[in-house]
Amino acid sequence: MFIEDLRNDFYNLLLGNRVLLLVHYDVDAICTCKILQGLFKSDNISYTLVPVGGISELKTAYEENNEEVKYVVLVNCGGTIDLVDILQPEEDVVFFVLDSHKPTDVCNVYSDGQVRLVYRDEEENIPNFDDIFRDDDEENEEEMPSGREDLEAFVERRRQRREWETKRNDLMFNYTQFSYYGKPSACTAVELAWLLCRSGVEYTWAGCIAVSAYAATHTRSPAQALLDAHALHRHLAAQLPSHGASVSMEKDAFLPLYRTWSLENALKYSPVVAPHLRLHSLAGADRLRQLLADMGIPLQQARQAYRSMDVELRRSLLDALDAAADKHHLPRLTHATYLLRRDHCAPLAALDIVYCVMALLELEGPGGFQLALASVDTSSAECEARQRGLGAARRGLAAAAALAGATLAARALHHAGPFAHFTISEGAAECEWGPWWLAVCARWAGAGAGRGAGAVLVAAPRGRTVLLCGVPPPQRTDTRNLFGAAFEQAAAKCGASVSLDHFDSAVVTLPAAQRPQFLDALTALLA
Amino acid sequence: MFAEKVIELIKEVDRNPDTIDQYNDEKIRQIIEEMHLLFKLNMNDANATTENRSLWTTVQVRHSALERNKRCILAYLYNRMKKIKTLRWEFGAVLPPDIRELLSDDEYQWFSKYSGNLALYMRSLGQDIGYSGIDLTENLKPPKSLFIEVLCVVDYGKLELEDGDVVMLKKNSRHYLPTSECQTLIRQGILKQIM
Amino acid sequence: MESTEELQFSDDEEEVTAETVLKTLQCAWQNERLSPEILPHQNDMVECMLGQIQHMERNINKLSKTDLRTSIHKMEISRIKFIICNYLKTRLNKIEKYCIPILNQERQRIETDTNYLTPSEYKYAQEYVLNMENHMKNVVLNKMPGNMQVFEMNKMAEHPNLQTHVFLKANETINGVVLEDLTGEDEEIDLEEGSQHILQYKPIADLLKNGKVTLL
């Protein structure tokens, strides 16, 4: 069921009780977690926080920690699976689900109170209850009809039932065909903070980071992103100057981490610019130099750290980027994004923090979760976790660029019908990456391939298993991912033992030996 | 030279003011032997001095050496006693085995007696009004807030809170718990406070 | 520190509010921490405060868990508990450090019924000295030759340094405090009410114990 009143039906129920917080490994979840933690602390709500990466981890975490816990809050996990079925909880345990993964499982939607969805997304077309569930009691009576009228009625009932079932299957197929992302959970959390009269710079900033995360990976269409931004706009406008920190929405370059790098590196390793410059080809470096020349920036300046660049050049950077993008037929290089301005510190871009958090979560090994939570903090000027994360993000972007470039140069991107796929060579460090960074690589390779880029599938072998991650084609309006349903069906067809453990259904693991037949089945399915 | 070994003992105790070293049984034995030797020499000479006064200074020197040895040994023991006392306040009545090894058996006996004495005293506090004693080893720092956020560093298992809730302390899990519950565990190193 | 004014503790002899008791206890705690020697005990105050805590805890349990007053009261209770524990602990530390002179003095004081230690503390001190003596004897003294075996109590004693300087505030006007100088010249000064000074501890020790001055 859906919750109508955030404050009374969700937050006020938690007061005075212990809560189990289960949080997924992604930027939105970290930001939401930060906001919820802040709210819980100010109300002395005792909680236990456990990060979960997949369905099996969710189950283990729940089983270990569920003693005497009445309220479980799931952040960005559990919305797309039948919670009651998988977790087998006690009768009186209540689950609050704040998940931006869509489509929401219908059992969660129509649960009678045990599973409560905190936010209702208007974009979802959830089928009506009667269209999917039907009282089947009467149909199980297999008494043999006696008499002709009874026989006719029986046949008629049977026919109606089949008709209903076909309609139901259609509805469900359409509903679950694509997987996509709804409104960022952090935005809902910011709303909640607002309702509790507790909003402040820290929460607004966390919301901004979450929105930027979806913008950076193009997982929300521009129209949707605009709606999200609009929701945050109110909070931005209502900011009181606290601790000399303020968040503002400004035009900024769409180059991740450019303030911490040199301009040349930022251009080389930007997932938006670099693929179109085709840096893996021979003429790529020339194109980059030409671009810089058109922007009016000497090569020497571009190669030194951004902070040391000439002030005049820095001021004119945004205009120069726009002009050069037009001339070189590149996608837009500037966008409206959020900056955190603090006294005596350089401004911090939300985009940078997105990459920082994901680098900490997926590239830094264990302990990354704690560091990621710390890096979203606004209070400390010099945050060690943030420095570490930014360093790791720089390395990550450079590695992704190298990998995509190597793949394209070696023509290892195989086109198989509607999608392209490539495999990371075994033993490479990138095999250990998490799905988010693999998706960055995949998009990079896809964009660099030119030629009407379609969907891309990347395979990362890890010992006996292979992690497959699929990204949809980089269209601007439709960001829905069809790989989720496709994986499931392909697995059913070829009998591969696919583990659908991840909450993002476009990420699966399967034994390495079964990869070829799985890919064949997938190609056949999507052709 | 006399009374040189004993200085090494003092240096040992002084070297690490915060931690306790292994009880140096060997050195103590040697020093006591030295003292016996000195004493015997002195006895011999003292009996002889009644006739010959020139030996009196030697006796004096040896006697001073004896006194010095005694004083230093007692200082060594006393300082170790002080360090053991802080162990009681830090670890509670049961010492971890690696620390237990550093104490001699006699010292461990003293520790047990001290522990017992302290427990007896703490139990007697507030007896007249119906308290069953106050544990003074809790509440060592002024309280900053009612709840603190902690990170569990090792697999501890279940922790039962005062109001009946049970918390599962697994490695790398974070919790937000009342300060009073966490104090002992933080001291033992099982939980770590997150700033 | 806001206190629960509505709770009153009435004794047989006099009516004291919880607030006064807490203030006295705080004062005693401050003095104890800052003075070099052990001061007369305030066990009545301690017990009274403990009783208050029990009362407050009972009240809190009646309130709902989410009431703002619950957390404020809980905070206050934990602060009071800390003060009591720290006060008792400071006294214990002093007892352990200066055990032998304290015991000697206490024996004399008990006869005039002006003891500084509570009965439990006194027992603790005696046990402590006994333990120490036995330990020393068992470990080394019994192995030492002949006349070295004596456990010389006076030599083992640590005496508090009464010559240290302390900050103090006078609670009332005091005339005629005699300060001893190293050169033997005595100086007599007057302390105005509310004035603050730095003086040697020894001359004002008695004034502290009477409550006429407070250490800062």
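This is a predicted model: local features need pLDDT of at least 70, side-chain atom pairs count only at pLDDT 80 or more; totals for chains, interfaces and linings use all residues.
Let's begin with the overall build of chain A. It has 22 helices and 15 strands. Its C-alpha atoms fill a box of roughly 95 × 55 × 40 Å, taken along the principal axes. How does that sit with the idea of a compact globule? For 527 residues, such a globule would have a radius of gyration near 24 Å, and chain A comes out at 25 Å, so the two agree. As for the inside, 47% of the 527 residues of chain A count as buried. The contacts tell you something about the fold as well: take those between residues at least 6 apart in sequence, and 69% of them join residues at least 24 apart.

Now turn to the place where chain A meets chain B. Here 14 residues of chain A are in contact with 14 residues of chain B. On the chain A side, the elements that give two or more residues are helix H2 (27-42), strand E2 (47-52) and helix H3 (55-65). Which of them gives the most? That would be E2(A), with four residues. If you sort the chain A side by class, you get four nonpolar, five polar and five charged residues.

Three bridges join E2(A) to strand E4 (residues 174-178) of chain B, and the two strands run antiparallel.

Finally, a few loops of chain A have backbone details to check by eye. A:Pro103 sits in the loop between strand E5 (101-102) and helix H5 (106-109). The peptide bond joining A:Lys102 to A:Pro103 is cis, with omega at about 5°.

Two other spots have a positive phi in a residue other than glycine. One is A:His218, with phi near 55°, in the loop between helix H9 (201-216) and helix H10 (222-237). The other is A:Leu257, with phi near 65°, in the loop between strand E8 (245-253) and helix H11 (263-268).

Are these two residues buried or exposed? A:Leu257 has 24 C-beta neighbours inside 10 Å, so it counts as buried, the cut-off being 20 or more. A:His218 has 18 such neighbours inside 10 Å and therefore counts as partly exposed.

Terms used: Residues are numbered from 1 along each chain as its sequence is written. Chains are lettered from A and ligands numbered from 1 in the order in which they are written. A residue is buried if 20 or more other C-beta atoms lie within 10 Å of its own, exposed if 12 or fewer, and partly exposed in between; C-beta atoms are placed from the backbone. Two residues are in contact if their C-beta atoms, placed from the backbone, lie within 7 Å. Ala, Val, Leu, Ile, Met, Phe, Trp, Tyr, Cys and Pro count as nonpolar, Asp, Glu, Lys and Arg as charged, and the others, Gly among them, as polar. Two strands pair if DSSP finds at least two bridges between them. The radius of gyration is taken over C-alpha atoms; the globule rule is 2.2 Å times the number of residues to the power 0.38.
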